[in-house]
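Me: I would like to go through the salt bridges of this model. Could you begin by stating how the term is used?
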Amino acid sequence: MNGDELIKQGVQKNLYGDYEGAIAVFNEAIQLNSNLAEAYYHRGYSFLELAEFDQAIADYQKVVEFLDSSPDLPEGINFNIAKAFHNRGLAAFQRGDNQAAVTDINQALKFYPEFIAAYSNRGNILHILGKYTEAIADYNQAIRLNPDLAAAYHNRGNSRYALQDDEGAIADYNQALAINPNFGEAFYNRGLVMSHRQDYPKAIADFTQAIRHNPEDIQAYYERGLIYSTLQDYESAIQDYNRVLQINPTLPTVYGLRANARRHQRDYHGAIADINKLLQLNPSLVEGYCDRAVSRRFVGDYEGAIQDYNHALQINPNLAAAYYARGEIYQHLGDIQTAIDDFQKSAHLFSQQGNKLYYQEIINLIAKIRK
């Protein structure tokens, strides 16, 4: 079997997805004739499909060496070389090597300057690197080449938002949604901008749309819950936090948020249960002990509240507010001298922190108690 026949056989194997078999056949063809550019070209494609990008690039670059002497090369060689560099760049990105990823995609665009996905993906990497202006330039190029690319508008919106260009971001999200009305992520990110602008009704509407398109969108429930809490709609907030915790029951922050909402509803036992769960997940969270102490105090568990403040102050002995709150409990229990000791520690810490107002108010309280 001669080289041309082997190449035809290898191409058939590629068509059927037998890339390893195709590589073996192309190897045989190249052994017969090391100047068969078409064999390198098709073997490069096989390597590309197997995500063996280094080998693919080596084969495609070998083909380039034949460009001047072999006028019958397959069409599209530049795009295939670009695709190999591009895909190797994406593999580097997945490994966390962002700089290598950008370098490879730069090479891809040298071989094929109209490579839309390369502009879009380089923009994504530059955004992650915090190079938002450069990312926008790449998204602009992708949009120039394909004005109907919803993802490019969406991603450009993210970069504009990172640059605090809220109006530009909203315009891009609007355009992305005009092209693709089912773009749940665009609803979510526009909701973030609306929330940042304190346009809460529009933010809630966008997060609700994001949830409609993806009922498992944990971040959309979380953000909508925060807004409901801000608006003092604690029942709705609790429903959203419930859904978050149904999807992922290992989020201590959300237990804390739900506890706060329950405390506002005077469901102190429910709040305590949430903080218990929070502290199981994160036993060193000072705020958890302080928050549980507040709820324990409301249900009359003063000893439990004191224990929580003790624990918080063991973790961080500079909590002026914790000394003050513990002092109030001791005062309520009639242990005046211990209360004064805590008030003095609180006043001292507030003074060190530059909070002269609280310092003076506590000093006045101590003087009043001693009369």
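Reply: A salt bridge is a side-chain nitrogen of Lys or Arg within 4 Å of a carboxyl oxygen of Asp or Glu. This is a predicted model, in which local features need pLDDT of at least 70, side-chain atom pairs count only at pLDDT 80 or more, and totals for chains, interfaces and linings use all residues. Residues are numbered from 1 along each chain as its sequence is written, and side-chain values use heavy atoms, with hydrogens and water left out.

Me: How many salt bridges are found in the whole structure?
Reply: The search finds 20 salt bridges.

Me: Which residue does Asp-172 pair with?
Reply: Asp-172 pairs with Arg-156, with 2.8 Å between the closest N and O atoms. Asp-172 belongs to helix 10 (residues 166-179) and Arg-156 to helix 9 (residues 150-162), 16 residues apart. Helices here are DSSP runs of H or I with at least four residues, numbered from the N terminus.

Me: Are Asp-172 and Arg-156 buried or exposed?
Reply: Both Asp-172 and Arg-156 are buried (under 20% relative accessible area; exposed is over 50%, partly exposed in between; 1.4 Å probe, protein chains only).

Me: What about Glu-167 and Arg-197?
Reply: Their side chains form a salt bridge at 2.9 Å, N to O. Glu-167 is in helix 10 and Arg-197 in the loop between helix 11 (184-196) and helix 12 (200-213), so the bridge ties together parts 30 residues apart in sequence. Arg-197 counts as partly exposed because its relative accessibility is 37%.

Me: Moving on, where do Arg-326 and Asp-342 lie?
Reply: Arg-326 is in helix 19 (residues 320-332) and Asp-342 in helix 20 (residues 336-352). Their salt bridge spans 2.7 Å, N to O. Arg-326 counts as buried at 11% relative accessibility, and Asp-342 counts as buried at 2%.

Conventions
Helices (H or I, at least four residues) and strands (E, at least two) are DSSP runs, numbered from the N terminus.
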